[in-house]
Amino acid sequence: MTTEKYTSTKIACYTGYFVQAIVNNLAPLFYVIFQKEFGLSYKSISWLILLNFVTQIFVDVISVKIIPKLGYRTSVILAHICASSGLILLGILPRAMSHHYVGLIIPVIIYATGSGLIEVLISPIIEGLPLDNKSGQMSLLHSFYCWGQAVVVLVTTFIIKFAGSENWWFIPFIWALIPFVNIFAFARVPIFPPVPEGENEMKTSEILKEPVFIIFALLMVCSGASEIALAQWASTFAENSLHVSKLTGDLLGPCMFALLMASGRVAYGFIGDRLDIRKALSVSAALCAASYITASFCPGSAAPLIGCAICGLSVALMWPGVFSLSAKHFPKGGTPMFAMLAMFGDIGCSLGPWTAGIVSDLIENSTLGFNPLKCGLLVCTVFPIIMIALLNIPKALKTSQIVH
């Protein structure tokens, strides 16, 4: 079968990452609305973010047992059912239930379950296809998360602008159509396991015994925290801390963040096989730390918004780059490896924005007089700094393969 015959599979996978972008980036555009309509604090919102990614972590853990029993096709269809259902409920439950916060918690858990399954499933599905330049293909795949984030920000922001923030509740219904349609795509496309038949995947215990995997795990934590901390808070940061309008803030903050992240991943998709991934990741982490400092320290609104945008470019390589580096070290890692990497990445996705929110809440309730979210984001600079240190451990990340 020629690689052209796998186009339908790639398109379905690209759409799957678009769906994950919807799930992770739609609610953050409503945070200021939630604060006003439901009286939520920074702390309450940070717990919602944590719940989203903790649910995904739980799914990452149990997926190692569930996916082999259900199969890739059934599992990925289930993921899209959860994503679509959760988005629909996001538009219904918070306003329908007397306890608005519970009405937010329920859809978050449901669509986060779908997102967690997508994260574990889509990358190994692409890895299983007979394609050249696997690291580039992986980065191109992950770029669709960024394109999805940009489109979600653009479309949602303009709908809110013209329909009014009080009508936010019908927007999740629109986005729920995409995972619903992709259910039927995955029901038909060819899917192959990432490890060919006749070859045994490494067991989870075997992977965890390798010291280098601990480094990959920590790199995924830092990658997830570096990317999601700013991505989740960018809209609220622009509106509450920089005091720009929602339209201006979303277009120059989270939207530019997503567009530059997408551009970086597309570029890496074409030249990934010619790059030293470890060195490229080190440069990315340094640029990320600089962008967080710019957003936190620079006065006015222009420089901090530029910092937000540049952060998108800086984190572009992190998640797919660590995935690719891990695949080179563990060519038989298969589903267990991708599931664990996704789990540690989601731990970072939980830890980063939760840390920013908790610190912001502490500052807001103190008498220090500092800008709450600027302080929260500044603390998150620690994640790319740790990443730089891990990437420069002597001889730890040579690209020789570990074969079992």
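The following legends describe close-up views of a predicted model. Residues are numbered from 1 along each chain as its sequence is written, and side-chain values use heavy atoms, with hydrogens and water left out. Local features need pLDDT of at least 70 and side-chain atom pairs count only at pLDDT 80 or more, whereas totals for chains, interfaces and linings use all residues.

**View 1. Aromatic pair of Phe 30 and Trp 168**. The structure has 17 aromatic pairs, a pair being rings of Phe, Tyr and Trp (its six-membered ring) with centres within 6.5 Å; planes under 30 degrees apart count as stacked, over 60 as edge-to-face and the rest as tilted. The ring centres of Phe 30 and Trp 168 are 5.2 Å apart and the planes stand at 55 degrees, so this pair is tilted. Phe 30 belongs to the loop between α1 (7–25) and α2 (31–38), and Trp 168 to the loop between α6 (134–163) and α7 (171–186), so the pair ties together parts that are 138 residues apart in sequence. Helices are DSSP runs (H or I, at least four residues), numbered from the N terminus. Phe 30 is buried at 0% relative accessibility, and Trp 168 is buried with a relative accessible area of 0%. Here buried means under 20% relative accessible area, exposed over 50%, and partly exposed in between (1.4 Å probe, protein chains only).

**View 2. Aromatic cluster containing Trp 168**. Phe 38 and Trp 168 form an edge-to-face pair, at 6.4 Å centre to centre and with 85 degrees between the planes. This pair links distant parts of the chain, with Phe 38 in helix α2 and Trp 168 in the loop between α6 and α7, 130 residues apart. Both Phe 38 and Trp 168 are buried. Ring pairs join Phe 30, Phe 34, Phe 38 and Trp 168 into a cluster.

**View 3. Salt bridge of Arg 95 and Glu 37**. Two salt bridges are found in the whole structure; the term denotes a side-chain nitrogen of Lys or Arg within 4 Å of a carboxyl oxygen of Asp or Glu. In the bridge between Arg 95 and Glu 37, the closest N and O atoms are 3.9 Å apart. Arg 95 lies in helix α4 (residues 72–96) and Glu 37 in helix α2, so parts 58 residues apart in sequence are tied together. Arg 95 is partly exposed, at 41% relative accessible area, and Glu 37 is also partly exposed, at 37%.

**View 4. Salt bridge of Arg 265 and Glu 227**. The closest N and O atoms of Arg 265 and Glu 227 are 3.3 Å apart. Arg 265 in helix α10 (residues 246–271) and Glu 227 in helix α9 (residues 211–241) are 38 residues apart, and the pair links these distant parts of the chain. Arg 265 and Glu 227 are buried.

**View 5. Cysteines Cys 308 and Cys 380**. The structure holds zero disulfides, a disulfide being a pair of cysteine sulfur atoms within 2.5 Å. For Cys 308, the nearest cysteine sulfur is that of Cys 311, 7.4 Å away. Cys 308 is buried, at 1% relative accessibility. For Cys 380, the nearest cysteine sulfur is that of Cys 288, 9.6 Å away. Cys 380 is buried, with a relative accessible area of 0%.

Note on methods:
Helix = DSSP H or I, 4+ residues; strand = E, 2+ residues; numbered from the N terminus.
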